[in-house]
Amino acid sequence: MEKNNKLIAEFMQKGSDGFGLYDFDGCHYRLDELKFHTSWDWLMPVVQKCRQENRLEYFDRVYYAIETCDIKITYKAVVEFIKNQNN
């Protein structure tokens, strides 16, 4: 989970400040405190950024995952989207 949350944080350009902390919504969080996998408030800005990337062939999976209203499925789709973006 931490590896994928780190991937998402880097995608969102919430990069480490050199002390192992990540910025989100004006606060600093350790890697083990990131909540992309449990909070829609954290995950939806990531979904929005995925949509803005203009890679619609990969966004379809995210779109259909959101329709399930299941955060675990949506989180997994977002992680896969970012991995495809990075390749």
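Trainee: Which residues are linked in a network of salt bridges?
Mentor: Arg-30, Asp-32 and Glu-33. A salt bridge here is a side-chain nitrogen of Lys or Arg within 4 Å of a carboxyl oxygen of Asp or Glu. Keep in mind that this is a predicted model, where local features need pLDDT of at least 70, side-chain atom pairs count only at pLDDT 80 or more, and totals for chains, interfaces and linings use all residues. Residues are numbered from 1 along each chain as its sequence is written, and side-chain values use heavy atoms, with hydrogens and water left out.

Trainee: How many salt bridges are there in the whole structure?
Mentor: Two. Arg-30 pairs with Asp-32, with the closest N and O atoms 3.1 Å apart, and with Glu-33, where that distance is 3.3 Å.

Trainee: Is Glu-33 buried, exposed or partly exposed?
Mentor: Partly exposed, at 29% relative accessibility; buried means under 20% relative accessible area, exposed over 50%, and partly exposed in between (1.4 Å probe, protein chains only). Arg-30 is also partly exposed, at 43%.

Trainee: Switching topic, which residues in H2 and H3 meet?
Mentor: Val-47, Cys-50 and Arg-51 of H2 meet Leu-56, Phe-59, Val-62 and Ile-66 of H3, contact being heavy atoms within 4.5 Å. Helices are DSSP runs (H or I, at least four residues), numbered from the N terminus.

Trainee: And where do H2 and H3 sit in the chain?
Mentor: H2 covers residues 40–52 and H3 residues 56–67.

Note on methods. Axes fitted to C-alpha atoms, helices over the stretch in contact; angles between N-to-C directions. Helix = DSSP H or I, 4+ residues; strand = E, 2+ residues; numbered from the N terminus.
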